[in-house]
Amino acid sequence: MTLLLERLSVRIPVERGEVHAVTEADLIAVPGRPHFVIGGSGSGKSTLCAAITGMLPASARVTGCVKVSGAIGVVPQSAMTCFTPVRRLGKQLAETVRCLRGERGPRELLDLVGLEADALGKYPHELSGGMLQRAAIAAALAGDPAVVVADEPTSALDRERAHAVVSLLTELAASRVVLAATHDIEAVPGEADLSVMFASRIVETGPAAEVLAAPRNPYTRDLLAALPENGLHPLPFPTPDLVDLPGDYRYGS
């Protein structure tokens, strides 16, 4: 049960040329440790998730390899919009279970993500942001996937709820592969593995505790320096235009 990327590249044609959305990404994620991908807006995190889950636009040109053993569960970027607003949560989870031929019922799925059973009778707008995020993770587990890919699972959540969601993903990683993309460095637990993306490339990877304590890449160091507790400094080198990006481009060049 693994998720393996080998020299994965994604190019998306646009009017001005070709967006280099992901460039030669190598990554391995295994059960037991959640794998987080961090980076600024436009770094390629969401495109990486879309490439793994088969949700790229039809025009995308993909090279390299994605190897997955088992089914994939997808947690989309916005939990607020992934449920139909006019149907109760229980009905929507039951339909998801039927479509995926899952063995767990809606109530058992809620137990897995720490939601009370009464959430099944509620409409999405009656749930808090944190509860909706947990419900989205429950839906991703409906087919008992070997791999769960979550795109920005802590966005729009306050610090307490964000840490609760990350704790849930860490628990789920005990028995499956969990990969989560986020811009929130402070949400990444020390027991996770971590890949850092900049300008479509993975520039650093390793155990999160080691990467965050002693980053080797200058981009990672600048990201950490920009955190509020370190003075909220702006990044000295912003993400470049990814259209027809030179193959030898590096941070600060």
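Which helix gives the most to the lining of the largest pocket? Helix 2 does, with five residues. The model is predicted: local features need pLDDT of at least 70, side-chain atom pairs count only at pLDDT 80 or more, and totals for chains, interfaces and linings use all residues. Residues are numbered from 1 along each chain as its sequence is written, and side-chain values use heavy atoms, without hydrogens or water.

Stop 1: Select residues 3-224. UniProt lists them as "domain: ABC transporter" in an unreviewed entry; such annotations may be inferred rather than shown by experiment. This stretch is 31% helix and 29% strand. Its end C-alpha atoms are 27 Å apart. Helices (H or I, at least four residues) and strands (E, at least two) are DSSP runs, numbered from the N terminus.

**Stop 2: the largest pocket.** Select V74, T96, L100, A139 and A140. Of the 18 lining residues, these lie nearest the pocket's centre. Now colour strand 5 (72-75), helix 2 (89-100) and helix 4 (129-140); each supplies at least two lining residues. The space is about 320 Å³. The lining has 12 nonpolar, five polar and one charged residues.

A pocket here is an open set of points on a 1 Å grid over the protein atoms alone, where a 1.4 Å probe fits, with protein on both sides within 12 Å along at least five of seven lines; lining residues have an atom within 4 Å of a point.

**Stop 3: the second largest pocket.** Select R159, H183, D184, I185, E186, L223, A226, L227, P228, H233, P234 and L235, which line it. Its volume is about 150 Å³. Seven lining residues are nonpolar, two polar and three charged.

How values were computed: Points joined across faces, edges and corners; volume = space filled by probe spheres on them. Nonpolar A, V, L, I, M, F, W, Y, C, P; charged D, E, K, R; others polar.
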